[in-house]
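Biologist: Could you walk me through this model before I set anything up with it? I'd like to go strand by strand and then look at the annotated site.

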Amino acid sequence: MKHLLGTDGLDPDTARVILDTAEGLKKTLLGREVKKLPTLRGRTVITLFYEDSTRTRVSFEIAGKWMSADVVNVSAKGSSVKKGESLRDTALTLAAAGADCVIVRHPASGAAHRLASWLSHTNTSVVNAGDGTHEHPTQALLDMATLRERLGGVEGRRIAIVGDVLHSRVARSNVHLLTSFGAEVVLVAPPTLLPTAVGDWPVGAAGSLVVSHDLDPELPTLDAVMLLRVQAERMHGGFFPSAREYSIAYGLNEARASLLPEHAVVLHPGPMLRGMEISHAVADSARAAITEQVTNGVHVRMAVLYHLLAGEEDAA
Amino acid sequence: MSTTVIRGAKPYGEGDPVDIEIRDGVITAIGTGLDTGGAEVIDAGGLVALPGFVDLHTHLREPGREDTETIETGSRAAALGGYTAVFAMANTDPVADNAVVVEHVWRRGREVGLVDVHPVGAVTVGLKGEQLAELGTMARSAARVRVFSDDGLCVADPLVMRRALEYTRALDAVIAQHAEEPRLTVGAQAHEGELAARLGLAGWPAVAEEAIVARDCLLAKHVGARLHVCHVSTAGTADVLRWAKERGTRVSAEVTPHHLLLDDERLNTYDPVNKVNPPLRTASDAKALREALAAGTLDCVATDHAPHAAQDKDCEWSAARPGMLGLQTALPIVVATMVEPGLLDWRGVARVMSERPAEIGGLPDQGRPIAVGEPATLTLVDPAGRWTVRGAELASIAANTPYEGMDLPGTVVLTLLRGEVTARDGKATA
Amino acid sequence: MPPRHRGAPEPAERRELLSAGDVARTIARMAHQVIEKTSLGASDAGPVVLLGIPTRGAPLAHRLARRVAEFSGVEVGVGTLDVTLYRDDLRRKPTRPLGETELPVGGIENALVILVDDVLFSGRTIRAALDALRDAGGRPRAVQLAVLVDRGHRELPIRADYVGKNVPTARSEEVHVLLSETDDRDAVLLNRAGEGA
């Protein structure tokens, strides 16, 4: 594996190896005072973020540092990025400067794919840390790691993704990964927040994908519910009448959460809007796995870096 | 004066090969075994003779973006593609919304002399869609503007469009509309379909085109004006046009080679060379467009030749400018999509590439029959020829062709503009 | 990606160095040596922990622990220590999956840790194991090494405290240890150059 650009088309066996590695790393580091592993010593990892995202960038940074890689953070602020340098030139510059891996977050869908094609003649790996409204593969992997811990796996499980699916890269990456692992995914959103023809998307053959506009009847059937953040700009974009109406129809409050089966897990990629898509009490309840998601994020990203950077170059 | 004899060509690909004698830019004889004494002989054995092609929709980028194309390089590309006349779109910098700019473009075209360059005038000042540009002054200028368009942008305001249509009735001109309802295409990046949705590219819905075409057809009918629809891209637009034509609307429409051949499967790579406006639609749209062109619902092929600098294409999708080169590849794409499948014969090619666009654009001396007494404005095509497209080898300064590396049928062997050779065997003469 | 099967050789050109019976006898002898050298059971002896290095060091450690318990009546701690993340040859091979690290309940603080592996060759795995052990938490009283086969060709100043069998080999040859826990049977095989996994 040279790049991690998305979960669409990611071979389930490869995903499984990454998840197993993440699990192994988590176990290895459990209770340790010193978290540092020497595995990626001398390797240079650059986070290249064109959007603000403290949580994802920090998670990658910690992952790299715990693996002893040299991690350099480049943000759109305070670099030549602001001076109008093209993404291509920035990518080539970072590769020429010795980056073994570029972790990119960019507002344009497909930016990571473009980066990978520009760097195809180099040994530099590309990790997609979120491209526009396309994919965010490490988020889906960490969600999967969390669901494996909580549910033992997702095969045959029914998992709802609720909210702004249209603009969500988290939703897209999760749809592909969850279905390729055999889950039944239910997308729950008003029609204005669902992507075109989403019910006809080709998804992992092992699973299935259905669409619903009504959350309540789904709740008793779910093994997990994944809430998406409602972005402020969507509220003003006419995608739904008001924040209040959204929250009434799709917000996970205590009454709704009580309709879930005992074992059902609540996930949220963060940052949460408490009181909007999730109530305060549900976010802090035992079924919420939100802090585990963050913890697993570090281990999953360590595992991704391990599989991209630890082996010999050109290894498939 | 010099005499040229084209030996052994088949006009419209029909009948037995004939010789065509040309004197002083005019066809003076057509027959077999013409006397060639003292004449320059052009061996055209196996070639098809067609009236020179007319492109209603070209971006020559001069003035303003001479780093991507000039009137000179664009004329060369046109001649090599078999064109003898092109309409240069108004979205230059400065905008061609006044007599000064259109006359500049027209004069530069004449100086280069490879192809008749007819400037398109802007419909509204600065392409802003608010105030009508001086359409009459442009029409009466040396450039004799007969096509007005805000192409790149839609004349979205229905009242402004109505007035433009009404006003041009007096000028014997046509409004060429870039049909795109702007509120339905805010941030649009690609055809609103399953693939763009999966790829996270904001959708450009078919209805944004169809709604404007339907509205404009109703407006044109209402005021009794002529309307031309630029780059039709959806099956639904073809349906609307069929309906409008049946009820007597004076509407014509063009389709681009890329909308005939390519579809949104191209999005998969995120390579912006495939980014164009209107966007590449579905394979079933492309099929419907080919059928509508064959049936005459769509009148003609226009290239929407749109040169862009490498830095405006070799970037992330959303930052890239929309548009593709088209002048040199138009005929081969028409051969591949229309002639080879049997949808059009060569007479049909003459209709959609030359005769209809000349009529729509108001050019009396283009798109003429191949007959004695007519201007020797001709294109000789080798139907058996094949070539591999290389963007870097095209005459345009820019290289943004979506057909890079494709092996295409049909080569332009010779282009004649009023008897003068403008391109021969892949080389322009100026 | 499946784990590397060092013990799954091709059938051609190989010699059996130890039979199943030999393997059992060798482990038993090593168990006696461990008991003797660590003064196991003596009142002043500290805790002893056997840590097997995956893949085949892990079952070996368990077998050795069972034998030690059988012969001495003392249950020693047993666990596994994966060294993958500490290897210095990661970039020479396709990415390896991780093995298990499982320390015994009592940990390794102040214990005599005996690392257990199947074959001692360059010594690089053992160096990685010492690094992994340092980070694993706890400070052992001392660290020793037990291997089923020592085939020579050391590249580091490392030697084993307990050796099942010394086998002189050519560098190009390969030694494969088969154990019923991971393979179809117990045996130690020597492969000629270019043969085997």
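Modeller: In chain A, strand E1 (residues 44-49) runs parallel to strand E3 (residues 101-106), and five bridges join them. Strands here are DSSP runs of E with at least two residues, numbered from the N terminus, and two strands pair if DSSP finds at least two bridges between them. This is a predicted model, in which local features need pLDDT of at least 70 and side-chain atom pairs count only at pLDDT 80 or more, while totals for chains, interfaces and linings use all residues. Residues are numbered from 1 along each chain as its sequence is written, and chains are lettered from A and ligands numbered from 1 in the order in which they are written.

Biologist: Which residue in E3(A) does Thr47(A) stand opposite?

Modeller: Thr47(A) stands opposite Ile103(A).

Biologist: And what is the strand order in that chain A sheet?

Modeller: The sheet is open, with four strands in the order E2-E1-E3-E4 and parallel pairing. Its edge strands, each pairing on one side only, are E2 (70-75) and E4 (125-131) of chain A.

Biologist: Switching to chain B, how much of strand E17 is buried?

Modeller: Eight of the eleven residues of E17(B) (residues 407-417) are buried, so the strand is largely enclosed by the rest of the structure. Buried refers to a residue with 20 or more other C-beta atoms within 10 Å of its own, the C-beta atoms being placed from the backbone.

Biologist: What does E17(B) pair with?

Modeller: E17(B) pairs in the antiparallel sense with strand E16 (residues 378-388) of chain B over eight bridges, and also antiparallel with strand E18 (residues 420-424) of chain B over four bridges. In the hairpin of E17(B) and E18(B), two residues lie between the strands, and Arg418(B) takes a positive phi near 50°.

Biologist: OK, now the site: which residues does the annotation cover?

Modeller: The unreviewed UniProt entry gives "binding site" for His57(B), His59(B), Asp151(B) and Asp304(B), although such annotations may be inferred rather than shown by experiment. They are spread over 248 residues of sequence but cluster in space, with a largest C-alpha distance of 9.7 Å.

Biologist: Is His57(B) buried or exposed?

Modeller: His57(B), which is found in strand E6 (residues 53-58) of chain B, is buried, with 29 other C-beta atoms within 10 Å. Leaving out residues up to four places away in sequence, His57(B) touches several residues, including Phe87(B), Cys230(B) and Asp304(B), where contact requires C-beta atoms, placed from the backbone, to lie within 7 Å.

Biologist: Where is Asp304(B) found?

Modeller: Asp304(B) is in the loop between strand E15 (300-301) and helix H10 (330-339) of chain B, and Asp304(B) counts as buried with 29 C-beta neighbours inside 10 Å.

Notes: Buried ≥ 20, exposed ≤ 12 C-beta atoms within 10 Å, placed from the backbone. Contact = placed C-beta atoms within 7 Å.
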